[in-house]
Amino acid sequence: MRKGISERTKIGVIFSTPYFVFAIVFFLIPLVWAVWLSTMDWNLMAIEKTWVGLGNYLSAFTSERVQAAFLNTFKYMAVLIPGVTIFATGIAVLLHNLPQSIKGVYSVSFFIPYLTSGVAVSVVVRYFFSYSSVFNTFLRDQLNVDVRWFQDPTPAFFIITGIIIWKISGYYALIILAALESIPKEIHDAAAVDGATGVQGFFRITLPMIVSSYSTVIVLLAGLIFGIFSEPFLLTGGGPNLATTSWYLELYTTSFVKFDSGMGAAIAILNAIQIFITIRLITYVLNKIDYNAR
Amino acid sequence: MSTKSRKKTVLVLLATALVLFMMFPYYYMLIQSLAPWEKVDQSLTPAGFSLDSFRFLMTNGGNQNPYMWLRALANSVIVTTTTSLLAVVTGMLVGYAIIKLRFAGHRFVFNVLLFQMFFPAIIMLVPIYLMMKPLANTYPGMILPTSVSLWAIFMFINYFKTLPEEVFEAARLDGASEFRILWIIGFPAARTVAVIVFLSIFMGRWSELMWDMLIAPNIKMQTLNVLITTQFKPMGNLPGPLYAASVILTLPIVALCLAFSRYFKEGLTFNLK
């Protein structure tokens, strides 16, 4: 038996080594490095670095661009959380009631946008909304509407959020669908016998039973919103007037366009703090709601 | 009965309309990539059929770097496949070690995992970039930092948890070596999860933008996703080829998704456990 234990340990250590090396090289060292770097003024190329203490954090607080990234995260959430959950619920309810034979194909069709590259989508959106495209020509000639989609903050913001709603709703719909399908049919039958209508049934029975799947959806969604990058990077560059900028975009610009890597590290840490607090807050509120629904 | 079946018909029609709406960007992308250049973006219906845009990509229109698009596609395939394979292997090994070997120290490894999960990856981006700069414009530079996936590890951990311990204990009592148990029982049983993990990582990695853009600025090393990004502005007045490149970028994802849809559904329900 002793031999068996030692063999297990040996193999266990060998198997864990790749992850362990990875965690040291790509997590622990960079983590410490990032904190140290965030107290430095260094332009990525120069030999000399100057220690500025919390200077980077202070100038981040007063930077218009960082403030915009911070506030835009909430703006994105205000539109995307209701937008995606409502649209995804619609898709899920629709899928749930479809005949079994076509349900699979339709589910996959809604899911594909989630996996599509933001770059490919940006190509389509860019030209579809360009000045001389068939869509804009139609708007101008037939409806006398002339929208400068990427030059005005409001349409630009709604184009970016529109892409994201299109992209991810299908995935969240599948999560909600899984919850819907786990409700035993007898419960609906009993409610129908008691005289509940479809709408009543949905709000009184279905919704409370799938509330916890909404917690999953909203937390995943919040995490995703912090990672918005490709679409504003390609389509708007964060503008106009910083209306569509995001943390990732700000980090990229600061660290790799302006080469201000100390500031970049500080921005990344501030972003992580906002992620941490926001997700905690959301989970707290959702748990409260979930508890009340039971 | 007739109202019920009518309701079903309405539902199917509604769902079909919604699917068509969701598929519209793909449709638009495809017809514009096949439109003659002077008609691109001028119509919502196919405006003729021309392979000019795809032909342009074959030689980059005879410009500098004639094979950059083909090379970008090859780079994407190499980087994405290698990364996904590595993520599956590392994930399976750690997952197996923690759950089925329960070796001395498995708790520690698990705690490191939980600790790492606590920190968003974005914090580490700048230092990792500084560290990997000597490997800029190489495949290892693109692959290594993405070759281990915490999500993959947790997928395998959750999966190995569901395998009954008795089977493994019985094999041990029969005197099978740990390697043999792994080879005969452990890995074959995890095949489905391995496919799910491989596909998910593959699709995510295929569309990776920021890291690949940073670490491989050389046009010869760019992935397709990055090359479209860097050509987005310079080739702005050549929408046809950009549409064609987007079609090529999207096609593998759609094909894999349709071919392995069963795995995705399984993966999704498994993911939520």
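Modeller: Contact means heavy atoms within 4.5 Å. By that criterion, 78 residues of chain A are in contact with 91 residues of chain B. This is a predicted model, in which local features need pLDDT of at least 70 and side-chain atom pairs count only at pLDDT 80 or more, while totals for chains, interfaces and linings use all residues. Residues are numbered from 1 along each chain as its sequence is written, chains are lettered from A in the order in which they are written, and side-chain values use heavy atoms, with hydrogens and water left out.

Colleague: How is the size of such an interface expressed, and what is the area buried between chain A and chain B?

Modeller: The size of an interface is often given as the accessible area lost when the parts come together. Here the buried area (accessible area for a 1.4 Å probe, summed over both parts) is about 7800 Å², and carbon and sulfur atoms give 81% of it. On the chain A side, A:Arg8, A:Phe15 and A:Tyr19 supply 11% of the area buried against chain B, more than any other three residues.

Colleague: Which elements give two or more residues to the side of chain A that touches chain B?

Modeller: Helices are DSSP runs of H or I with at least four residues, numbered from the N terminus. Those contributing include helix H1 (2–37), helix H3 (64–96), helix H7 (153–181) and helix H12 (261–293) of chain A. H1(A) gives the most, with 22 residues. By class, this side of chain A has 58 nonpolar, 17 polar and three charged residues; Ala, Val, Leu, Ile, Met, Phe, Trp, Tyr, Cys and Pro count as nonpolar, Asp, Glu, Lys and Arg as charged, and the others, Gly among them, as polar.

Colleague: How many salt bridges are counted between chain A and chain B?

Modeller: A salt bridge requires a side-chain nitrogen of Lys or Arg within 4 Å of a carboxyl oxygen of Asp or Glu. The count between chain A and chain B is zero.

Colleague: What aromatic pairs does a search of the whole structure find?

Modeller: Rings of Phe, Tyr and Trp (its six-membered ring) pair if their centres lie within 6.5 Å; planes under 30 degrees apart are stacked, over 60 edge-to-face, and the rest tilted. The search finds 43 aromatic pairs over all chains. One of them, A:Phe20 with B:Phe108, is tilted, at 5.8 Å centre to centre and 45 degrees between the planes. A:Phe20 lies in helix H1 of chain A and B:Phe108 in helix H4 (residues 106–117) of chain B, so the pair joins two chains.

Methods
Buried area = accessible area lost by both parts, 1.4 Å probe.
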